[in-house]
Amino acid sequence: MIYIEKEELPDSVKEKIIGLSKSEEWGNIDEKETDKIRSFFDNYFPKTEVKEVLVREQKGLCAYCMRRIYRDSHCKIEHLVPLSRDKEKALDYHNLLGVCDDGEKSEKKYGRILCCDSHKKETEITITPYNSEQMKKIIYDSNGIISTNPRDEIMEKDINETLLLNGIRKEDGTIRDTSTEIVKGRKDAYDRARKMMETLGRKNKCTSAVLKKIIVETKSKQPLEEYVGVKLYYFQRKYESLIKQGK
């Protein structure tokens, strides 16, 4: 998970949403009528236009797991605050995220472990990629496990129980990965970052200046690499270590 800087919608799309929020049909829906709110959103909200902006501002990554997303049927518009909790936020662009479907639409049904929005459903969470201070707490280990430092119990609950970003921990302590293998994806990204540093070290090019350039280049890619947050975490930690060493 990485920090997302929110863009503004095109004026034409804003006007459509404002028009919907002021419509008689929307006004007649009670805040407790979740099914009607969802139906209105599904039928009238300019999803195609909004999804295009979401995918662009997130640089092609799911807001939760950092898998690749495109402007297609496998990308969903997620309500950070669920539809069932706040009617007005249902049409609020600043409450929306682009997320993957986590294999929810695959033909294989039995034994699937879904994560992200597919597992979150109507649960309200505290963690959000729009909060830069929260995103600074995110860390990854060499096994691809995401956690927080300093440890934040509320964020940890969102990560492990609501979004299921670390899969399921079995009784023997091993991890059963999600259907889309996001733990493996993060582990592979960690390994690639480590090998890159080892290569720089063998060439005597592992300096803070070189690493800073790599960090800038990694952040500027469009789209970003899948699981880029793992590499950026690894690079940033190495960069800070080199600065302390005066290298």
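## Strand β4 and serine 147

A strand here is a DSSP run of E with at least two residues, and strands are numbered from the N terminus. In this predicted model, strand β4 covers residues 146–148, and serine 147 lies in that strand.

Is serine 147 buried or exposed? The cut-off for buried is under 20% relative accessible area. Serine 147 has a relative accessibility of 19%, so this residue counts as buried. Apart from neighbours within four places in sequence, serine 147 is in contact with Lys137, Ile138, Ile139 and Glu156.

## The protein as a whole

The protein contains ten helices and six strands. Its C-alpha trace spans about 65 × 45 × 35 Å along the principal axes. For 247 residues, a compact globule would have a radius of gyration near 18 Å; the value for the protein is 20 Å, which agrees. Of the 247 residues, 46% count as buried.

Contacts between parts of the chain can be sorted by separation in sequence. Among contacts with a separation of 6 or more, 65% are between residues 24 or more positions apart.

## Surface and charges

The protein exposes about 13500 Å², and 47% of this area is supplied by carbon and sulfur atoms. There are 49 positive and 45 negative charges in the protein. The mean position of the positive charges and that of the negative charges are 8 Å apart.

## Helix α1

Which residues of helix α1 are buried? In this helix, which runs over residues 11–21, they are Val13, Ile17 and Leu20. Seen down the axis of α1, these buried residues fall within an arc of 60°, so they line one face of the helix.

Two features of the backbone call for some background. Most residues other than glycine have a negative phi, and most peptide bonds are trans.

The peptide bond from asparagine 149 to proline 150 is cis, with omega near 0°. Proline 150 is in the loop that runs between β4 and α7 (153–162). Another cis peptide bond leads from glutamine 222 to proline 223, with omega near 5°. Where is proline 223 found? Proline 223 is in the loop between α9 (208–220) and α10 (228–245).

## Two positive phi angles

Lysine 59 is not a glycine, yet its phi is positive, near 50°. This lysine is placed in the loop between α4 and β1 (75–79). With 25% relative accessibility, lysine 59 counts as partly exposed, because that class lies between the cut-offs of 20% and 50%.

Asparagine 204 also is not a glycine and has a positive phi, of about 55°. The loop between α8 (182–202) and α9 holds this asparagine. How does asparagine 204 count in terms of accessibility? Its relative accessibility is 70%, so asparagine 204 counts as exposed.

Conventions:
Residues numbered from 1 in each chain as written. Predicted model: local features only at pLDDT ≥ 70, side-chain atom pairs only at ≥ 80, totals over all residues. Heavy atoms only, no water. Buried < 20%, exposed > 50% of the residue type's maximum accessible area, 1.4 Å probe, protein only. Helix = DSSP H or I, 4+ residues; strand = E, 2+ residues; numbered from the N terminus. Arc of directions from axis to C-beta. Rg over C-alpha atoms; globule rule 2.2 N^0.38 Å. Contact = heavy atoms within 4.5 Å. Areas by Shrake-Rupley, 256 points an atom, 1.4 Å probe, with all protein chains shown as cover. Lys, Arg positive; Asp, Glu negative; His and termini not counted. Charge placed at Lys NZ, Arg CZ, Asp CG, Glu CD.
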